[in-house]
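Trainee: I have a structure to read. Can you take me through it, feature by feature?

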Amino acid sequence: ESDHYVFMDNVSYDQLNVDAETLGNAANYLSEGNSVVLQMYNEQVVGVDLPAAVELDVTETEPGVQGDRVSGARKPATLSTGLVVQVPLFVNPGDRIKVDTRSGEYITRA
């Protein structure tokens, strides 16, 4: 919802609205349906525990050029959350990739 994220408790089904500023960089790895653990203190969110890797969709990237086979070559790709990561040349828009939430680096295609 605009600049807020809505989280649901899987046990009580209570919903909690958290603004993007509170989440910090964790917002770059959040997509609908993912499970995270919110760290709370006095009913305030003070941190987010993310899984080690998440799957996100590539929304924008340059097409790989046929014949460009430089070993380890990378190009920037924008993901569904707005995060930009370096990916191999064979990754195209619409692909789903796995990203390491600790380093922000591409792991593999999903």
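This is a predicted model: local features need pLDDT of at least 70, side-chain atom pairs count only at pLDDT 80 or more; totals for chains, interfaces and linings use all residues.

Trainee: How do strand E6 and E7 pair, and over how many bridges?

Mentor: Two strands pair if DSSP finds at least two bridges between them. Here strand E6 (residues 74-79) and E7 are antiparallel and share five bridges. In that pair, Arg74 stands opposite Pro88 in E7. Strands themselves are DSSP runs of at least two residues (E), helices runs of at least four (H or I), and both are numbered from the N terminus.

Trainee: What lies between E6 and E7?

Mentor: Four residues, and the two strands form a hairpin. Gly82 sits in the turn, with a positive phi of about 100°.

Trainee: Which sheet do these strands belong to, and in what order?

Mentor: Five strands form an open sheet, ordered E7-E6-E5-E8-E9, with antiparallel pairing. Strand E7 (84-88) and strand E9 (106-109) are at the edges with a single partner strand each, so one side of each has no neighbour in the sheet. From one strand to the next, the twist averages 50°. That angle is between N-to-C directions, from 0 to 180 degrees, with axes fitted as lines to C-alpha atoms.

Trainee: What joins strand E5 to strand E8?

Mentor: Five bridges, between residues 53-61 of E5 and residues 96-100 of E8, running antiparallel. Leu56 stands opposite Ile97 in E8.

Trainee: Which residues other than glycine have a positive phi?

Mentor: Tyr13 is one of them, at about 65°. Glu43 is another, with phi near 60°. Tyr13 lies in the loop between strand E1 (4-8) and strand E2 (15-19). Glu43 lies in the loop between strand E3 (37-41) and strand E4 (44-49).

Trainee: Is Tyr13 buried or exposed?

Mentor: Buried means under 20% relative accessible area, exposed over 50%, partly exposed in between, using a 1.4 Å probe and protein chains only. Tyr13 has 56% relative accessibility, so it counts as exposed. Glu43 is exposed too, at 73%.

Trainee: How much of the protein is buried?

Mentor: Buried residues are 29% of the 110 residues.

Trainee: And how many helices and strands are there?

Mentor: One helix and nine strands. The order from the N terminus is β-β-α-β-β-β-β-β-β-β.

Terms used:
Residues are numbered from 1 along each chain as its sequence is written. Side-chain values use heavy atoms; hydrogens and water are left out.
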